[in-house]
Amino acid sequence: MAAAGEEASGGGDKYRSFMYGEGEKDTVWRLGSPPNYDVVNKLFEEERTKEWPEGSLEEKVQRLLKTWEMELIHKTKLPPEHRIYDPDKETLESGMATFLTAFPRGFAIEVLDVYSGPPRIVFKFRHWGYMEGPFKEHPPHGKRVEFFGICIFHVDEEMKVEKTEYFYERGNFLASFLSTPAAAAAAAAEAASGSGCPKWRILLKEEDQELLGGWCEAIRIKLNQHTFYA
């Protein structure tokens, strides 16, 4: 793998490493070539709340996060136990197609704070996008959908991620994903009060509940297991 940040000045993606160059000549890309992040990078630049100085710890951690996410989705060297989908029920391509239909501009991510540096990097992140397309029979509402969380990256001496731990509340994300803003607010309030089933579950058919719930749980488990492979 190339050194982190090496591609920023070499014509590659501004915010991700390990996409171009000699070190990636043998990489097998899921779609045949490196992904293009221009659309989601534009969303990120327009709506990020922090702009970290190049070379700062925060900027390095943010690049590491974006790079790690890119490798998890777009490189095919991962063994089955580290994939973020159930190959018995769907392909990554079918799952991503459903998601990108609902979020055509993608889902941007930024680092908000870094609480400790390597080898155990602890940071807060924000993940967001706009539901501008339908999710199955659920119409788009055009509003921002976002969630916040805490992540721990365990890295080696070369800053390769060996283990991850993610902590976030999925209920509010799913509520805002699948309902109008007013219903999402009501669902969040009800979930917080512990008074019953969140509204998003009422709005969904049983098979869609299983699909979304399974996605979130699978992603949480696989993210916590994932290791970079050179």
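Modeller: Contact here means heavy atoms within 4.5 Å. This is a predicted model, and in it helix α1 (residues 38–47) lies across β1, β2 and β3. The helix runs at about 105 degrees to β2.

Biologist: What does α2 touch in the sheet?

Modeller: α2 packs on the sheet and touches β1, β2, β3 and β4. Its direction makes about 130 degrees with that of β1.

Biologist: Why is Glu71 called buried?

Modeller: Buried means under 20% relative accessible area. Glu71 has 4% relative accessibility, so Glu71 counts as buried. That residue lies in helix α2 (residues 57–74).

Biologist: What makes the pair Glu71 and Lys75 a polar contact?

Modeller: A polar contact needs N or O atoms within 3.5 Å, one able to donate a hydrogen and the other to accept it. The side chains of Glu71 and Lys75 are joined at 2.5 Å, and the pair counts as a polar contact.

Biologist: How do you know that β2 and β3 pair?

Modeller: Pairing takes at least two bridges. β2 (residues 120–130) and β3 (residues 144–155) are joined by 11 bridges and run antiparallel, so by that rule they pair. One of the residues involved is Phe125, whose bridge partner in β3 is Gly149.

Biologist: And what is the order of the strands in the open sheet?

Modeller: The order is β1-β2-β3-β4, with antiparallel pairing. β1 (108–116) and β4 (161–168) each have a single partner strand, so one side of each is left without a neighbour in the sheet.

Key: Residues numbered from 1 in each chain as written. Predicted model: local features only at pLDDT ≥ 70, side-chain atom pairs only at ≥ 80, totals over all residues. Heavy atoms only, no water. Helix = DSSP H or I, 4+ residues; strand = E, 2+ residues; numbered from the N terminus. Buried < 20%, exposed > 50% of the residue type's maximum accessible area, 1.4 Å probe, protein only. Axes fitted to C-alpha atoms, helices over the stretch in contact; angles between N-to-C directions.
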